[in-house]
Amino acid sequence: MGLIPGLPDDVAYECLIRVSVDHLSTAASVSTTWKAKIELSEFRHRQKITGLTRPIIVMAQAKESHAMKFMFMPAYQLLVYEAESGNWYKLPPLPRFPNGLPLFCQLVGVGLDLVIIGGYDPVTWEVSKLVFIYNFISAKWRQGVDVPGGPRSFFACASNSDLMVFIAGEHDNNKNALRSVIMYDVVKDAQTPLPDMSRERNECKGVFHNGKFHVIGGYNTEGQGRFERSVEAFDIATWQWRDVEENFLGIATCRTCVDGV
């Protein structure tokens with residue numbers, strides 16, 4: 001049986017690639033054949049080359065305040081915005097966190113997945129080492145392997161937008177800034193240590209650009225709160241860190257970092 005009874009497969013495939021992201025899970029549930037087609041990387045590639053991709057923005061939005069261990073803080077939920085249609089919709093709540101997203105967690109898009117790493121439990125204020133992945137085809141969350149080396153909160157995080165997430169810096173339980181770096185394969189649910197950075201970086205920012213994972217700013221153990229303006233980049237092709245570039249930032253504090261290309 002073809003993709004759509006009565007239609008040639010090439011015509012049916014053209015229909016399928018026009019399904020919007022908020023209806024992918026419904027389309028994938030129609031049959032195992034449709035699901036297999038939608039999950040192929042060729043499916044997204046075909047959408048891109050025909051101009052049928054639908055840009056989306058995932059936002060963490062404060063919805064209400066609730067009592068925490070030490071203070072009142074907003075509870076956060078995830079919203080998706082489709083830029084072309086102007087439609088908004090909510091993502092399902094994160095497993096094990098019914099009171100909202102972990103505070104200061106990192107969110108990163110990888111292929112058709114959204115990955116959430118670390119942060120603070122919004123009720124107990126305990127730091128998390130948990131990893132959760134939301135798949136836009138199944139419209140479901142799954143839990144990934146824990147981040148090695150303990151809980152994570154203020155670290156650099158970025159994706160190559162395909163399969164990998166890169167995690168760098170942070171501090172240990174004694175407030176010592178870290179140099180360690182991890183690469184997380186979302187499909188294999190496996191984490192691999194990368195060579196350490198040349199210096200400690202706590203509260204640093206990360207961005208993946210031009211085949212390199214850039215770690216920007218942050219501060220070392222002795223310089224608590226005194227942010228640097230430097231950047232160092234890990235080259236995936238050579239599997240090495242490039243030399244540190246000093247005075248990369250115009251100002252020392254850096255709150256948001258994105259790939260301009």
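Strands β4 and β5 (residues 113–117) run antiparallel and are joined by five bridges. Within this pair, Gln106 stands opposite Ile117 of β5. Helices (H or I, at least four residues) and strands (E, at least two) are DSSP runs, numbered from the N terminus, and two strands are taken as paired if DSSP finds at least two bridges between them. The structure is a predicted model, in which local features need pLDDT of at least 70 and side-chain atom pairs count only at pLDDT 80 or more, whereas totals for chains, interfaces and linings use all residues. Residues are numbered from 1 along each chain as its sequence is written, and side-chain values use heavy atoms, with hydrogens and water left out.

The β4–β5 pair belongs to an open sheet of four strands in the order β4-β5-β6-β7, with antiparallel pairing. Its edge strands, each pairing on one side only, are β4 (106–110) and β7 (140–143). From one strand to the next, the twist averages 25°; axes are lines fitted to C-alpha atoms, for helices over the stretch in contact, and angles run from 0 to 180 degrees between N-to-C directions.

In helix α4 (residues 41–49), the buried residues are Phe43, Arg44 and Gln47. Viewed down the axis of α4, these residues fall within an arc of 95°, so they line one face of the helix; the arc is that of the directions from the helix axis to the C-beta atoms. The face of α4 turned away from the buried side carries Ser41, Lys48 and Ile49, which are exposed. Buried denotes under 20% relative accessible area and exposed over 50%, with partly exposed in between (1.4 Å probe, protein chains only). The buried residues of α4 pack against α1 (9–16), α2 (24–28) and α3 (32–39), contact being defined as heavy atoms within 4.5 Å. Just after α4, Gly51 adopts a positive phi of about 70°.

Overall, the secondary structure of the protein comprises four helices and 15 strands. The radius of gyration is 20 Å, close to the 18 Å given by the globule rule for 261 residues, so the protein is as compact as a globular protein of that length. This radius is taken over C-alpha atoms, and the globule rule is 2.2 Å times the number of residues to the power 0.38. The C-alpha trace spans about 70 × 50 × 30 Å along its principal axes. Of the 261 residues, 43% are buried.
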